[in-house]
Amino acid sequence: MTRFPSEAIPRRIIIFAILNLFVGLCFWLVSLIGQVSALQFYFERIGPAVLLLFGVLELSLAVRLIGSYHFDTEMCWAWVLIALSAALRIGGILGIYYLILSQEGRLLAVLISGPLQLVFLGWALALVLRVFARLEYVLRVRPLDWILLALFGAFALWTLSANLFRANTWLLFSDPLLCCVLLEVVLLYRAVSQMKGGLVAACWISYGVAVVLTAVSTVAIAASSYGLTPGSLMPLGYLVLYPAAAAFALGPAFQFEAISAAKRSADVTRSPR
Amino acid sequence: MRTAFRVLIGSIFFRHPSEEILKSYSRQEVSGWAGRVIREHLLDCERCILIAGEASEGSISDDLLADDFDLVRANLLQAIASQPANRHSIESLRIILGERAAEKVSYGRVSPQMRIEFEALLGTGAAESLIRSLSAG
């Protein structure tokens with residue numbers, strides 16, 4: 001059985017994400033006993049910095065990965081699009097948390113870190129799916145996947161209909177787009193499962209985890225907003241975004257480690273035994 | 001003859017080859033593809049030196065190999081993959097591309113299809129390094 005890949009960069013990301021989640025949960029627990037400002041401090045100061053860090057990490061690794069492929073290959077363009085998606089997410093974080101923007105400016109920041117970055121991510125994942133299909137991996141959705149997709153699809157339709165005449169038109173596409181990307185990561189997960197482990201599979205599974213966590217966060221926040229769950233649980237919906245951001249950074253980190261390990265393998269074989 | 005050849009090939013790769021069966025076929029010549037594989041690849045494999053040496057004097061026709069081509073190929077190259085020199089590369093492959101790729105390479109050399117897969121998933125440079133390390137054994 002293949003051991004779980006735990007190379008240097010991914011391991012550090014996972015440890016940091018766990019620590020950050022622990023800190024976030026501590027702040028949330030403190031807020032439950034009346035210290036709401038503590039949670040506010042976390043979400044306004046620590047949280048954005050962590051999101052930015054993960055975003056920059058994803059971007060820098062994705063940019064390095066672009067050079068590993070010939071520019072005319074789909075995988076190269078997939079990483080270009082992933083890098084663009086990460087850049088847009090960074091732009092959104094900067095716009096929302098760090099730059100002093102007008103209402104319209106903040107809305108634009110939400111737009112580029114939401115639906116727009118999902119368009120690029122979805123495009124990238126479509127290219128990756130095409131590569132796996134060409135390599136004769138079976139792209140099939142299982143019954144359990146259909147349930148997940150149907151649930152989130154129903155949620156997306158519900159939010160779309162509920163906000164059709166209220167919210168910003170472009171932001172309305174966020175949940176339906178997320179639903180499409182969810183379908184892609186499910187297909188991708190089923191494809192890479194056939195690899196039976198390995199760093200490359202871990203890369204695309206990370207993107208799957210990231211998208212699923214983003215969907216979970218979206219549903220949790222909406223449920224609290226509409227009063228379906230207690231308001232005190234709403235911060236948990238936002239906290240889920242941090243492991244999601246870590247998973248987005250883990251994707252290129254695993255791919256980077258895979259390529260490094262492949263290059264190292266030739267050196268090890270060459271070295272005298 | 002086909003059964004006999006299966007026994008011969010099987011006995012090469014099992015820990016306790018039947019001496020009697022080996023002796024009965026040792027005077028026949030191993031020709032064609034299997035012979036080449038044995039001569040080119042198995043001579044470094046300690047367990048196979050004796051077998052290859054004896055079998056090289058015998059005679060097994062290519063016609064016989066035709067039906068068993070995949071079986072023979074799989075068994076022979078699995079043995080190559082289990083050689084000490086190559087074990088590290090197979091383990092690297094398993095970590096990088098998973099059990100599926102390791103199985104496919106264990107049962108044969110890096111096929112053109114697998115080469116395409118390596119290049120598509122890892123890029124040309126990394127794929128070349130990996131293939132070089134796999135064939136270095």
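Modeller: Happy to! Chain B holds 8 helices and 2 strands (DSSP runs numbered from the N terminus: H or I of at least four residues for helices, E of at least two for strands). Please keep in mind that this is a predicted model, where local features need pLDDT of at least 70 and side-chain atom pairs count only at pLDDT 80 or more, while totals for chains, interfaces and linings use all residues. Residues are numbered from 1 along each chain as its sequence is written, and chains are lettered from A and ligands numbered from 1 in the order in which they are written.

Following the sequence of chain B, the elements come in the order α-α-β-α-α-β-α-α-α-α. Of the 137 residues in chain B, 36% are buried (20 or more other C-beta atoms, placed from the backbone, within 10 Å of a residue's own). Among contacts in chain B with a separation of 6 or more, 69% join residues 24 or more positions apart (a contact means C-beta atoms, placed from the backbone, within 7 Å).

Now to the partner: 25 residues of chain B are in contact with 25 residues of chain A. On the chain B side, the elements giving two or more residues are α6 (84–106), α7 (112–122) and α8 (124–135). Helix α6(B) gives the most, with 11 residues. By type, that side of chain B has 11 nonpolar, 9 polar and 5 charged residues (nonpolar: Ala, Val, Leu, Ile, Met, Phe, Trp, Tyr, Cys and Pro; charged: Asp, Glu, Lys and Arg; polar: the others, Gly among them).

Methods: Contact = placed C-beta atoms within 7 Å. Buried ≥ 20, exposed ≤ 12 C-beta atoms within 10 Å, placed from the backbone.
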